[in-house]
Amino acid sequence: MYPYPNEIGRYGDFGGKFVPETLMQPLDEIQTAFKQIKDDPAFREEYYKLLKDYSGRPTALTYADRVTEYLGGAKIYLKREDLNHTGSHKINNALGQALLAKKMGKTKIIAETGAGQHGVAAATVAAKFGFSCTVFMGEEDVARQSLNVFRMKLLGAEVVPVTSGNGTLKDATNEAIRYWVQHCEDHFYMIGSVVGPHPYPQVVREFQKMIGEEAKDQLKRIEGTMPDKVVACVGGGSNAMGMFQAFLNEDVELIGAEAAGKGIDTPLHAATISKGTVGVIHGSLTYLIQDEFGQIIEPYSISAGLDYPGIGPEHAYLHKSGRVTYDSITDEEAVDALKLLSEKEGILPAIESAHALAKAFKLAKGMDRGQLILVCLSGRGDKDVNTLMNVLEEEVKAHV
Amino acid sequence: MFKLDLQPSEKLFIPFITAGDPVPEVSIELAKSLQKAGATALELGVAYSDPLADGPVIQRASKRALDQGMNIVKAIELGGEMKKNGVNIPIILFTYYNPVLQLNKEYFFALLRENHIDGLLVPDLPLEESNSLQEECKSHEVTYISLVAPTSESRLKTIIEQAEGFVYCVSSLGVTGVRNEFNSSVYPFIRTVKNLSTVPVAVGFGISNREQVIKMNEISDGVVVGSALVRKIEELKDRLISAETRNQALQEFEDYAMAFSGLYSLK
């Protein structure tokens, strides 16, 4: 039996609660409420009904036959989290945490967001539950993702641009935590990934684990067997944790794809496992990108969702224990994978998910035709169209 | 290890400055001014890229110090320079946990010893995660300062029981920063802490004027003042940096700091 998190919120050495004293009691309250609902049949019923009737679960499992044929290796299956309401897996967790907030009697939600996917999911569930919602977003990301900012406002959320630090996801998370410290008595902090102090990594994993459970059943029905390899992209790592959870005790190879940006030999990357060292970020002991004196270094990735200097503590443990392999994918490889999936399958993936696809495509080529590879397609790419237009236009210019 | 043995008429004044703000050599002079203004001990802040428990004033100070190339090692050494230059009150290193974690523990404590640093305060290390660091502090004779907050509730007693030096009583929810007024529930909270504690109790977070100091001094053993002083340093920074205006600016800073001092009422 997989024993983590243990009673002090550790995954091996990783995880824990590294927060100001003021937040210890609020975290305890969340832990207590979470314990009560986790295995409560009434809660599960309400949660699964929302997932089904509101978000459209279970999401499809799509056999990517034309890409499979093109690459000439293992059969590629896509878990279609892009088909969720709001366009990504983020809604699974937002619905779960909204129910948790309701259970705790809190009606004010705080969230952080990078690309805006979690912000949109939080704003969406807040609207559905009649909660107020304040989303912290780095000013740099506000500028890059203006469409999602507008979406959040349409949904009735307040978007607070964060000017501290470099104005990206790391700083938005800092500011959300600072706001929470001040308003913890009546606000619920809805974290978007398997990061942060205990019990958040566990809470978010719990509210994403249906990804892997569904995919496992679906594949069993179609192919009658387990996948040989499972691939997911990793920023904080919530879609990956949700996918991997169902396979941890199976004889299945698990692979996380992190963002190599312009390359892990340049300073412009977000490859936390490949290039990071152990430290504390946002309340959790994990790997992070930092200098020798523990100052956190701003990461880089074409994908705002993977542009994070840390990684969930459970991933840190799974890396150290060797159960999951982590590899990094460059911007360029991700864009190529995105184009290939669009052209061969008519599916425009999120640039985050394209990192998982790029890794899966590389692996598939080296596998036998009978083998199976399962990829978590965590979100759709509509939000990335502007970024892609810029990248592709620059490519054209470079060739002129 | 330091002990703060107070006479009944004496009150703690524990100022906070960020090491290297606005420049390292001025930090040394600021520490001397604070000692002259009646500081009982000094909290010396290590600039950090992600100061979670700090408001905008100390965030900006951190940024200024980082721009000066400060890091945890240089901050400790700056504390040593302060001691060499006549500062004889206890110096407490105030640092987030991550910079401490990156240093070899023996090296870290050797640095503290060489530089005569007396105490350690880590704002993002709650009791549950601090056991081993506290033990190491004990064996190296460094006083480990614990914080309690209005939300500590059932944890209050356990934290206070193991407190050394003084108990840092966080006045209100939120991050560091100047506050115009306090929630009235803070007073019974401070009294509770005071009743439980065998070491002095200092109230911090938001203390920014003489009236607040008098009020807090009535029910506790004194105050920790950070953002108000750091804001003053920010205001004076150009004059502090320039050699011609430095002494005058330091005098102005000392006069300003005096308002928070427990000596003030005795004069």
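Start in chain A by selecting strands β5, β6, β7 and β8: these 4 strands form an open sheet in the order β7-β6-β5-β8, with parallel pairing. Strands here are DSSP runs of E with at least two residues, helices are runs of H or I with at least four residues, and both are numbered from the N terminus. Two strands pair if DSSP finds at least two bridges between them.

The model is predicted: local features need pLDDT of at least 70, side-chain atom pairs count only at pLDDT 80 or more, and totals for chains, interfaces and linings use all residues. Residues are numbered from 1 along each chain as its sequence is written, chains are lettered from A and ligands numbered from 1 in the order in which they are written, and side-chain values use heavy atoms, with hydrogens and water left out.

Next select β6 (residues 132-138) of chain A, which pairs with β7(A) in the parallel sense over 5 bridges. Within this stop, A:M137 stands opposite A:P161 in β7(A). Contact means heavy atoms within 4.5 Å.

**The mixed sheet of chain A**

Which strands come next? Select the 6 strands of chain A that form an open sheet in the order β3-β4-β14-β9-β10-β13, where the pairing is mixed. At the edges are β3 (61-63) and β13 (324-330) of chain A, each pairing on one side only. The twist in this sheet averages 25° from one strand to the next.

Strand β10 (residues 253-261) of chain A runs parallel to β13(A), and 7 bridges join the two. One pair to pick out is A:E258, whose bridge partner in β13(A) is A:S328.

**Two helix pairs**

Stay in chain A and select helices α14 (residues 331-345) and α16 (residues 385-399). They pack at an angle of about 105°, with their axes 12 Å apart. The helices α14(A) and α16(A) are therefore roughly perpendicular to each other. Angles under 35 degrees count as roughly parallel, over 145 as roughly antiparallel, 65 to 115 as roughly perpendicular and the rest as oblique. Show the side chains: A:V335, A:L338 and A:K339 in α14(A) meet A:L388, A:L392 and A:E395 in α16(A). By class, this contact has 4 nonpolar, no polar and 2 charged residues. Nonpolar covers Ala, Val, Leu, Ile, Met, Phe, Trp, Tyr, Cys and Pro, charged covers Asp, Glu, Lys and Arg, and the others, Gly among them, count as polar.

Move to chain B and select helices α3 (residues 72-84) and α5 (residues 105-114), which pack at an angle of about 25° with their axes 9 Å apart. That makes α3(B) roughly parallel to α5(B). Here B:I72, B:V73, B:I76 and B:E77 in α3(B) meet B:Y107, B:F108, B:L111 and B:L112 in α5(B). The contact has 7 nonpolar, no polar and 1 charged residues.

**Where the chains meet**

Show both chains. The contact takes 37 residues from chain B and 33 residues from chain A. Between them the chains bury about 2800 Å², 54% of it on carbon and sulfur atoms. Buried area is the accessible area (1.4 Å probe) that two parts lose on being put together, summed over both. B:L52, B:E129 and B:L173 supply 22% of the area that chain B buries against chain A, more than any other three residues.

How many salt bridges cross the interface of chain B and chain A? The rule, a side-chain nitrogen of Lys or Arg within 4 Å of a carboxyl oxygen of Asp or Glu, finds 3 across this interface. Select A:R10 and B:E129, which form a salt bridge with their closest N and O atoms 2.5 Å apart.

**Loops to finish**

Select A:H198 and A:P199, joined by a cis peptide bond with omega about 10°. A:P199 is in the loop between β8 and α9 of chain A. In chain B, the peptide bond from B:D21 to B:P22 is also cis, with omega near 0°.

Definitions and conventions:
Axes are lines fitted to C-alpha atoms, for helices over the stretch in contact, and angles run from 0 to 180 degrees between N-to-C directions.
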